[in-house]
Amino acid sequence: VSPQRNGPLMGIVQDTLCGIYKICRRDVFLSKEQVMNIMLWVPDWDGVIPPPAILKPRPRWTGKQMISMALPSGLNLLRVEKDNSSLVEKFSPLTDGGLLIHGGQLMYGMFSKKTVGASGGGVIHTIFNEYGPDTAVAFFNGAQTIVNYWLLHNGFSIGIGDTIPDAITIQRIENCVRERKKEVETITASATENTLEPLPGMNVRETFESKVSRALNNARDEAGSETEKSLKDLNNAIQMARSGSKGSTINISQM
């Protein structure tokens with residue numbers, strides 16, 4: 001942990017970060033055979049398989065249970081995503097937002113760059129402060145071996161299909177761009193009619209340049225956020241952007 005910025009210097013990155021985000025999804029279920037294989041990757045495993053989350057018709061374990069095996073027992077951490085929402089929305093979020101680790105078990109929430117990256121107040125920072133450096137190293141080793149083994153068998157790929165939006169999204173993007181184009185036309189008209197007020201410290205030409213580029217940048221950002229809102233969480237590009245392993249809304253809008 002760096003005393004300069006009050007946060008850890010190391011965090012989980014790239015493939016493992018994308019994998020740890022995916023393994024925390026609510027639709028990840030594992031059979032007993034898969035669980036027993038994963039248990040062999042847990043450092044200092046005590047030989048006890050955790051009870052399955054689903055008993056009938058056949059026992060199934062969740063991905064959250066698997067990643068909890070790497071967490072030290074007794075770790076408690078709460079991150080609330082929406083501070084001003086109701087208690088129900090806070091503590092059983094519909095979208096699996098926020099984060100609750102109770103007694104070393106991940107109850108809800110998805111691990112992402114905010115929580116397992118090199119950011120202050122995250123899981124790694126808390127483990128280091130509460131349990132010391134050796135336990136933090138054990139979490140790094142355990143999380144990465146478990147996740148990499150699971151991701152190897154689950155698979156992850158990205159294709160051109162992930163960059164094709166649906167008709168409604170295309171319409172929304174076109175609307176955003178059209179509005180900004182109108183704005184640029186207005187600026188151009190006022191510049192040609194010599195009615196453009198120069199901004200402080202700039203001449204008319206620089207003012208024109210600055211206003212136009214701002215409008216076009218806004219168009220790109222709006223298109224990106226519209227795309228991000230409409231794409232499902234099954235989209236591989238979105239998964240990488242949301243987990244924080246690679247890419248951002250701007251890259252998605254560019255694609």
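In the predicted model, H125 is in contact with V1, N6, G7, P8, S119 and G120, when neighbours within four places in sequence are left aside. The residue belongs to helix α6, which spans residues 123-131. H125 is classed as buried because its relative accessibility is 7%, the cut-off for this class being under 20%.

On the α8 side, the contact involves T169, R172, I173, C176, R180, E183, V184, I187, T188 and A191. These residues meet F208, K211, V212, A215, L216, N218, A219, E222, A223, E226, T227 and S230 of α9. Classified by residue type, the contact between α8 and α9 comprises 11 nonpolar, 5 polar and 6 charged residues.

Strand pairing was examined for β4 (residues 99-102) and β5 (residues 105-109), which run antiparallel and are joined by 4 bridges. Within this pairing, L100 has Y108 of β5 as its bridge partner. The two strands form a hairpin in which 2 residues lie between β4 and β5. In the turn of this hairpin, G103 adopts a positive phi of about 60°.

Note on methods. Residues numbered from 1 in each chain as written. Predicted model: local features only at pLDDT ≥ 70, side-chain atom pairs only at ≥ 80, totals over all residues. Heavy atoms only, no water. Pairing = 2+ DSSP bridges. Contact = heavy atoms within 4.5 Å. Nonpolar A, V, L, I, M, F, W, Y, C, P; charged D, E, K, R; others polar. Buried < 20%, exposed > 50% of the residue type's maximum accessible area, 1.4 Å probe, protein only.
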